[in-house]
Amino acid sequence: MSPDASPDLGELGGLNDRPTLAVLAEERQELTRRLDRLSGQAAAKAEAYIESRGQLLAADAFLDLAPQAAARLEELTRELFGEVLDEIETDLTHAVREILGQNRTVVTRREVKNGKLVIEFEMEQDGKTEDIYVGQGGSVCNILSVGLRLVALSQLDPDRHRPFLVLDEQDCWLRPDLVPGFVRLISAIADRLGIQVLYISHHPVDLFALEARRVFGLRPGREHGPTLAVLADRPIHAHGTVTLPGLTAPGGE
């Protein structure tokens, strides 16, 4: 361009639009701060991702072991309750044979369904399976019911539950000659397990009085209502035997 030539107006305008160094420095600082914030957020998200990934891998590993754990738990359940049920089978079989005088065996069918142990009781005699709800006039079912309740009570926490069982006419399906053996067995089991039993019966008192610590007679009355009388009250001696004073055994409850 010659010395006499005038400067181009567009060229002058471009010089006026250029940012100053101060503005550029401020923008650079803002971009640096933004970069720092984004870097921090990225680091936090990366750490969260690593943690979530670890949890996912742990969950996958747990789920892979779940079928094995469930199978082992089922096996342990069978083993644990198997020992208890074996003893229950023996005790109930003894009870049935002792009371009914029959060569019958109580057996249990066990399986785990939905994580719970399911038990079914059956009776076997001469190699044949018999439904406990059928036959014997209900006597077998009553005997097993008493036995199972005694076992259940013995498993409760004595600090939270009182070992007390009420048997209301549990001998109603038994022949009178079978009642003494039934009561004798209940008394022996209750003593062994430390359970107090209130036994209510319509059979004559002399069928079970010798096995009871205390005997009450409840009789209806038309004028004054029911009356309750103590028919026997026997102290327990150190060796476990009891003394029964002279007792006339009236019929009725």
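Visitor: What is the relative accessible area of Cys 141? After that, please turn to strand β4.

Guide: This is a predicted model, in which local features need pLDDT of at least 70 and side-chain atom pairs count only at pLDDT 80 or more, while totals for chains, interfaces and linings use all residues. Residues are numbered from 1 along each chain as its sequence is written, and side-chain values use heavy atoms, with hydrogens and water left out.

Cys 141 has a relative accessible area of 24%, so the residue counts as partly exposed. Buried means under 20% relative accessible area and exposed over 50%, with partly exposed in between (1.4 Å probe, protein chains only). Cys 172 is also partly exposed, at 44%. The number of disulfides is 0, a disulfide being a pair of cysteine sulfur atoms within 2.5 Å.

Now to the strand. The chain has 4 helices and 7 strands; these are DSSP runs numbered from the N terminus, helices being H or I of at least four residues and strands E of at least two. Strand β4 spans residues 164–168. Leu 165 and Leu 167 make up its covered face, whereas Phe 164, Val 166 and Asp 168 lie on the uncovered one. Side chains in a regular strand alternate between the two faces of the sheet.

Phe 164, on the uncovered face, has the charged end of Arg 162 over its ring, 5.2 Å from the ring centre. The rule for this contact asks for NZ of Lys or CZ of Arg within 6 Å of the ring centre and within 35 degrees of the ring normal. Phe 164 also has a bridge partner in strand β5, namely Gln 196. β5 covers residues 196–200 and pairs with β4 in the parallel sense over 5 bridges; pairing requires that DSSP finds at least two bridges between the strands.

Between these two strands comes helix α4 (residues 179–193), and β4, α4 and β5 form a right-handed β-α-β unit. Right-handed means that, with the strands pointing away from the viewer, the path from the first strand over the helix to the second runs clockwise.

The loop between β4 and α4 holds Glu 169. Glu 169 is not a glycine, yet has a positive phi of about 55 degrees. Its relative accessibility is 31%, so Glu 169 counts as partly exposed.
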